[in-house]
Amino acid sequence: MSEILILNGRVIDPVSGIDEPRDVLVRDGRIAAVEQPGALSQVEAAERIDAAGLVVAPGLIDIHV
């Protein structure tokens, strides 16, 4: 099982109304958890990404292209 932990990124998700810093756990290519910063810090993930100052958002599509 592969896990990626994205820490401290500004999560923008229009569907759930989130626009604030969060930690995101990705397990086997799927979002497993989106929690307040620090809540997932004890998770042992294969890869940890510090996304402080960056935006974490679902795939975006430019419909004008």
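A residue is counted as buried when its relative accessible area is under 20%. By this criterion, buried residues account for 26% of the 65 residues in the protein, for which the structure examined is a predicted model. The solvent-accessible surface amounts to about 4,700 Å², of which carbon and sulfur atoms supply 55%.

The secondary structure comprises five strands and zero helices, giving the order β-β-β-β-β from the N terminus on. Along the principal axes, the C-alpha atoms occupy a box of roughly 40 × 25 × 20 Å. Of the contacts between residues at least 6 apart in sequence, 45% join residues at least 24 apart.

In soluble globular proteins, nonpolar side chains tend to be buried together. In the present model, the largest nonpolar core consists of seven residues, namely Ile-6, Val-11, Ile-18, Val-24, Val-26, Ala-51 and Val-56. At least two residues of this core come from each of strand 1 (3-13) and strand 2 (18-27), and strand 2 gives the most, with three residues. Beyond its neighbours within four places in sequence, Val-56 is in contact with Ile-6, Gly-9, Arg-10, Val-11, Ile-12, Val-24 and Ala-51. A second, separate core contains six residues, among them Leu-5, Leu-7, Leu-25 and Leu-40.

Methods:
Residues numbered from 1 in each chain as written. Predicted model: local features only at pLDDT ≥ 70, side-chain atom pairs only at ≥ 80, totals over all residues. Heavy atoms only, no water. Helix = DSSP H or I, 4+ residues; strand = E, 2+ residues; numbered from the N terminus. Buried < 20%, exposed > 50% of the residue type's maximum accessible area, 1.4 Å probe, protein only. Contact = heavy atoms within 4.5 Å. Areas by Shrake-Rupley, 256 points an atom, 1.4 Å probe, with all protein chains shown as cover. Core = buried A, V, L, I, M, F, W, Y, C linked by side-chain atoms within 4.5 Å.
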